[in-house]
Amino acid sequence: MKIVFFGTPQFAVPTLEKLLNHSKFDVLAVVTQPDKRRERGNKLTPSPVKAIATAHSLPVWQPERVKKDTETLTKLKELDADVFVVVAYGQILSSKILKMPKLGCINVHGSILPKYRGAAPIQWCLYNGEKETGITTMLMDVGMDTGPMLEIATTPIGLLDNTQDLAERLAAIGGDLLVETLLKLERQEIQPIPQDNLSATYAPLIQKEDYGLDWSKSAIQLHNQIRGFYPNCTATFRNNLLKITASVPLGSVSDRIPPELQELIPKLPDLSNVSDKPGVVVNITKGIGAIVQTGEGLLLLREVQLAGKRPQSGWDFVNGTRLTVGEVFGAGS
C-alpha cells in the first residue's frame, strides 16, 4: 500500500514508525510543518516527524500552506498514493487533497469521536475529568473531525495521568490502530460509520487564560486543570507566578489514587474538619508537601516550578521557601 504521511509533533511519530516497519506499507513521502525557531539559541528546529523521515531518507515537504502550495499539490498528485495518513499535522487539507488518494485520507484522532473534535482533545478530556478516552481512525472530509469513523480503541484514564502521560499512551495505541485500519480497508472489511453530530463536543486550542488557577474552584476541578494543561498552570505565590505541575485531590477520590501513591494516605493528617478561605495553606505534611484549601476540598501540591527554576517536589518547595501554614496562594494568570 502506497502511503503519504502528514504529521508534525511527537504524538505522530509512533504511527509513522509503525508504517515504516511494516512490510505491507510503502511510505512514499512525508508532509510536515515548517521548521520552527526555538527559544534557546533561536535555531531552526525540525519537527519530530521530520527527524524520523530524514533518518529514513524519505522525501520531506514543508509547505507554509499546503492547500495553496502548487508545487506540493503537483507532487502529491504525481505520487498516485493509495492513502494519505494524517496524524496531528496542524493544517487543514482542502477537498482537492482529500480526493487525491484511492482509498481517501485517514486521520488518527486522539479521542472517542464524536466527543472532543478539534485541536486539543487530550487536554480537554482531562480537564473535564473523563475516566476513559481513546483513538478513532476516520475517513476525512472537509469538516473539523466530522468524517465517518473506521475503528476505535479505548483506554482508561488514571486519576494522576496528565497530558504527557496520556498522549504517550494514545500515540502508541494510534500506531497499532492505524495499521489494523489500513489492513482491514485493503481487505474491504470496514464499513465506515457516520458520526452523530448531535453528540459532538469540541476541543479548541488552549489559550493563555486557560492556565490561571482559581482557588475558589473545587480540588478536583483544579487538579483536572493542572494535569490537563500540564505543565503550564499558574498560581501566584508571594507576588510571583508559580507553576503547579502535579497535584493530588484529597477526599472523595482517594480510592482512585494508584497503588504507588497509596502510601501517601496514612501519612496525611486527619483534615476532615479543616476549612479555611480558598488558597490558604492548611497543612504541611513532612516529606510530602503543602495542602491547600480550595472552594471545595483540599489539594496536595505534589510538584511545582518557581520562575527560572526546574520543577521540584512539593516537599523541596516547602523547605526551599520556608513555607508556613496560613500563607496564601493567589489566582494565576
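A crossing of two helices is called left-handed if the near helix is turned anticlockwise from the far one by less than a right angle, and right-handed if clockwise. This term will be needed at one stop of the tour, which visits a predicted model.

**The sheet.** Begin by displaying the strands. Seven of them form an open sheet, in the order E5-E2-E1-E6-E7-E8-E9, and the pairing is mixed. Strand E5 (60–61) and strand E9 (149–156) stand at the edges; each has a single partner strand, so one side of each is left without a neighbour in the sheet. Strands of a sheet pair through backbone hydrogen bonds, either parallel or antiparallel.

**From E6 to E7.** Select residues 83–87, strand E6, together with residues 105–109, strand E7. These two strands pair in the parallel sense over three bridges. Phe84 has Cys105 in E7 as its bridge partner.

**From E7 to E8.** E7 and E8 run antiparallel and are joined by four bridges. Here Ile106 has Leu139 of E8 as its bridge partner.

**From E8 to E9.** Move on to the edge strand, residues 149–156. E8 and E9 pair in the antiparallel sense, over seven bridges. Within this stretch, Gly134 stands opposite Thr154 in E9.

Select residues 163–186, helix H6.

**Two helices crossing.** The axes of H1 and H6 come within 7 Å and cross at roughly 40°. That angle makes H1 oblique to H6. The crossing of H1 and H6 is right-handed. On the H1 side, the contact is made by Pro14, Thr15, Lys18 and Leu19. The residues of H6 that take part include Ala171, Gly174, Leu178 and Leu182.

**The cysteines.** Finish by selecting the cysteine side chains. How many disulfides does a search of the whole structure find? The search finds zero. For Cys125, the closest cysteine sulfur is in Cys233, and because the two sulfurs are 15 Å apart, they are too far from each other for a bond. A disulfide would require the sulfur atoms to be within 2.5 Å. Cys125 counts as buried because its relative accessibility is 1%.

Terms used:
Residues numbered from 1 in each chain as written. Predicted model: local features only at pLDDT ≥ 70, side-chain atom pairs only at ≥ 80, totals over all residues. Heavy atoms only, no water. Buried < 20%, exposed > 50% of the residue type's maximum accessible area, 1.4 Å probe, protein only. Pairing = 2+ DSSP bridges. Axes fitted to C-alpha atoms, helices over the stretch in contact; angles between N-to-C directions. Parallel < 35°, antiparallel > 145°, perpendicular 65-115°, else oblique. Contact = heavy atoms within 4.5 Å.
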